[in-house]
Amino acid sequence: MTDKREWNGRSRGGATGYSIFVWVLRHIGLRAAYALLWIVVPYFVLFAPSGTRSSWLYQRNILKRNRIQSSLGLFKHFYLFGQVLIDRIAIKNGFKDQYEYEYDGKEKCVEVIKGGRGTFIVGAHFGAWEIGQQFFDEVEIPFNIVMLDAEWEKIKHAIEKHAKSKLFKAITLTADNGLEVVLQMKQAFDGGEIVGMLGDRFLNDEQSEPIDFMGHNAHFPLGMYKIAAKLEVPAVFYHATKLPRKNGKERYKFSFYVKEPTKNADEIRKTYVSVLEQKLKEAPFQWFNFYNFWQI
């Protein structure tokens with residue numbers, strides 16, 4: 001069994017790779033960037049053993065696919081992940097007109113965000129969470145992102161160098177600055193602002209607790225839900241799912257599930273996991289936690 005602390009807060013890839021795709025997008029186009037993935041994806045399947053093994057275990061044990069299906073699925077999984085990464089860059093670099101969006105729960109989400117109580121937006125390493133930036137820009141409420149991934153700082157600068165819109169304000173979470181982060185979150189909530197975070201990763205065992213997810217026990221963090229319960233702020237579970245291309249447009253569906261304020265932290269967490277499970281069942285290859293999440 002692999003130690004559940006295998007994920008260390010860093011995501012594979014970096015500034016150089018992102019800069020290459022930015023160059024291809026700007027000088028050749030979106031379809032060319034997608035085509036470049038046919039070179040990049042086999043490399044990652046062969047030379048990123050941890051991610052490849054995790055995708056294999058996910059398909060075999062969680063999705064119950066056979067060996068042939070899972071082998072082909074490795075390329076599909078990495079290719080779709082690559083497309084989502086490209087989409088994140090493209091939308092920030094002048095390609096918005098090549099995308100269309102559908103919404104589920106938008107009106108209720110906007111009502112909650114503009115309610116003045118502060119809002120906790122919780123996503124996951126599923127689909128393309130960051131693409132929702134344009135939606136949240138429209139509501140004109142400051143958005144504070146709590147980030148675990150130290151590598152994101154390098155990637156952020158590579159994208160920001162070329163992007164036409166600013167990124168959100170970042171609150172960086174490390175293994176030893178938890179109290180400082182809580183105070184920053186409270187200050188944001190008190191000001192009626194949004195605090196966003198991905199709810200499916202943690203930095204050490206003490207911050208998590210197992211819960212049934214897709215038929216197996218998986219560890220999910222506890223702290224963020226305790227904060228939401230303590231401060232009694234509404235939570236919105238948000239996902240951006242990539243849809244099949246239609247009428248020459250790349251498409252995404254933004255989904256919002258509103259959880260009204262409660263003092264029961266475990267209830268918030270269980271609802272979050274239930275909503276995420278439904279999303280995985282709808283689009284299983286848009287699960288982008290490339291490590292042994294279930295410890296199988």
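**Aromatic pairs and helix packing**

Colleagues, I begin with W287, which is buried at a relative accessible area of 2%; buried here means under 20% relative accessible area, with exposed over 50% and partly exposed in between (1.4 Å probe, protein chains only). The model is predicted, so local features need pLDDT of at least 70 and side-chain atom pairs count only at pLDDT 80 or more, while totals for chains, interfaces and linings use all residues. Residues are numbered from 1 along each chain as its sequence is written, and side-chain values use heavy atoms, leaving out hydrogens and water.

Let me turn to the aromatic rings. A pair of them is described by the distance of the centres and the angle of the planes. Rings of Phe, Tyr and Trp (its six-membered ring) pair if their centres lie within 6.5 Å; planes under 30 degrees apart count as stacked, over 60 as edge-to-face and the rest as tilted. F213 belongs to strand β6 (residues 208-213) and F293 to the segment after α10 (265-282), so the pair ties together parts 80 residues apart in sequence. Helices (H or I, at least four residues) and strands (E, at least two) are DSSP runs, numbered from the N terminus. F213 is buried at 0% relative accessibility, and F293 is buried at 4%.

W287 returns here: its ring centre lies 5.6 Å from that of W294, with the planes at 50°, so the pair is tilted. W294, at 7% relative accessibility, is buried.

Y225 leads us to helix α9 (residues 223-231), whose buried residues are M224, Y225, I227, A228 and A229. Their cover includes β2 (119-123), α8 (178-190), β5 (194-198), β7 (216-221) and α10, where contact means heavy atoms within 4.5 Å. Just after α9, E232 has a positive phi of about 50°.

Finally, a helix pair. At what angle do α2 and α4 pack? Helix α2 (residues 30-47) and helix α4 (residues 67-91) pack at about 140°, their axes 9 Å apart. Axes are lines fitted to C-alpha atoms, for helices over the stretch in contact, and angles run from 0 to 180 degrees between N-to-C directions. The arrangement is therefore oblique: angles under 35 degrees count as roughly parallel, over 145 as roughly antiparallel, 65 to 115 as roughly perpendicular and the rest as oblique.
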